[in-house]
Amino acid sequence: MAPSLLGGFTKSLAMTVLSEVGDKTFFAAAILAMRHPRKLVLAGCLTALIVMTALSASLGWVAPNLISRKWTHHVTTLLFFVFGIWSLWEGFKEDGDSEELAEVEAELDAVFKSNKGESKTKTKANDDTKKQQRPFLMQFFSPIFIKAFSITFFGEWGDKSQIATIGLAADENPFGVVLGGIIAQALCTTAAVLGGKSLASQISEKMVELSSGVLFLLFGIMSLLSGPGEFR
């Protein structure tokens with residue numbers, strides 16, 4: 001029986017929201033929005049997340065064509081349990097302080113100060129020369145857009161939410177997974193950009209990790225009790 005569109009959509013939506021709220025890229029979007037135009041930051045971050053979601057779902061869609069659906073189902077089930085236990089472990093270790101927010105802020109502060117220091121030493125002649133020698137992409141996109149895109153894209157690379165999306169798309173309807181993931185990413189990123197640091201600092205990373213852990217374990221149990229192509 002083919003996986004349903006609604007099943008992939010709802011599971012992807014719930015998983016992505018809980019994975020992205022309080023994530024490093026969520027905090028990065030909030031901090032970047034304090035220093036740069038919100039529209040450019042939102043566009044850059046959201047574009048990166050949409051591309052990453054589509055790539056992950058595509059890999060998950062291809063997986064059953066490379067190995068049997070039975071094995072992809074078992075691997076997906078295992079991933080849900082591993083990520084569930086991992087998230088619960090991280091949640092119980094959290095002491096309540098937003099350590100990841102502070103870490104991301106420190107990293108972006110270092111980059112911001114470095115760029116600011118370099119800009120002070122530039123002369124007008126150097127600026128004109130560099131404008132003529134700008135990288136190809138910067139001739140079409142704002143540097144702020146590219147910065148937000150790069151930070152978000154590489155920050156998501158190898159993240160557990162990305163790997164979970166691959167597994168979910170392998171066992172569910174990939175179009176539903178993509179749709180649910182994109183809507184969830186849009187909601188989380190918009191909230192981060194509009195809410196800024198004030199919203200980010202009020203998020204309990206402990207509760208987010210614990211909630212994510214419970215959800216992953218629930219998906220794992222549902223997958224374990226169903227057969228390949230029936231988990232929806």
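Predicted model: local features only at pLDDT ≥ 70, side-chain atom pairs only at ≥ 80, totals over all residues.

Me: Which residues does UniProt list for "transmembrane region"?
Reply: The unreviewed UniProt entry lists 40-59, 71-89, 136-155, 175-195 and 207-226.

Me: What's the chain doing over 71-89?
Reply: Residues 71-89 are 100% helix and 0% strand, with the end C-alpha atoms 27 Å apart. The 175-195 span is also 100% helix and 0% strand, and its end C-alpha atoms are 30 Å apart.

Me: On to aromatics. How many pairs turn up in the whole structure?
Reply: The search finds 8 aromatic pairs. In one of them, phenylalanine 80 and phenylalanine 219 have ring centres 5.6 Å apart and planes at 70°, so that pair is edge-to-face.

Me: Where do phenylalanine 80 and phenylalanine 219 sit?
Reply: Phenylalanine 80 is in helix α4 (residues 69-93) and phenylalanine 219 is in helix α10 (residues 205-225), so the pair ties together parts 139 residues apart in sequence. Both phenylalanine 80 and phenylalanine 219 are buried.

Me: And what kind of pair do phenylalanine 83 and tryptophan 86 make?
Reply: A tilted one, because the planes are at 40°, with the centres 5.8 Å apart. The two are 3 residues apart in helix α4, which means about one helical turn separates them.

Me: Phenylalanine 83, buried or exposed?
Reply: Buried, at 5% relative accessible area. Tryptophan 86 is partly exposed, at 39%. Ring pairs also link Phe80, Phe83, Trp86, Phe216 and Phe219 into a cluster.

Me: Switching to the surface: which residues make the nonpolar patch of about 580 Å²?
Reply: Trp61, Val62, Leu66, Ile67 and Trp71. Helix α3 (residues 38-66) gives the largest share of the patch, 3 residues. Tryptophan 61 is in helix α3, and tryptophan 61 counts as exposed because its relative accessible area is 52%, against a cut-off of over 50%.

Me: What about serine 58, where does that one lie?
Reply: In helix α3 too. Serine 58 is partly exposed, with a relative accessible area of 38%. Serine 58 and proline 174 are 116 residues apart in sequence, yet 7.4 Å apart in space, C-alpha to C-alpha.

Me: Last one, how many disulfides?
Reply: The count is 0. As for the cysteines, cysteine 45 is buried at 1% relative accessibility, and cysteine 188 is buried at 5%.

Terms used:
Residues numbered from 1 in each chain as written. Heavy atoms only, no water. UniProt positions renumbered as here; feature names shortened; annotations may be inferred. Helix = DSSP H or I, 4+ residues; strand = E, 2+ residues; numbered from the N terminus. Patch = residues over 30% accessible without salt bridge, like charges linked within 9 Å, V, L, I, M, F, W, Y side chains within 5 Å. Areas by Shrake-Rupley, 256 points an atom, 1.4 Å probe, with all protein chains shown as cover. Salt bridge = Lys/Arg side-chain N within 4 Å of Asp/Glu carboxyl O. Buried < 20%, exposed > 50% of the residue type's maximum accessible area, 1.4 Å probe, protein only. Disulfide = S-S within 2.5 Å. Phe/Tyr/Trp six-rings, centres within 6.5 Å; stacked < 30°, edge-to-face > 60°.
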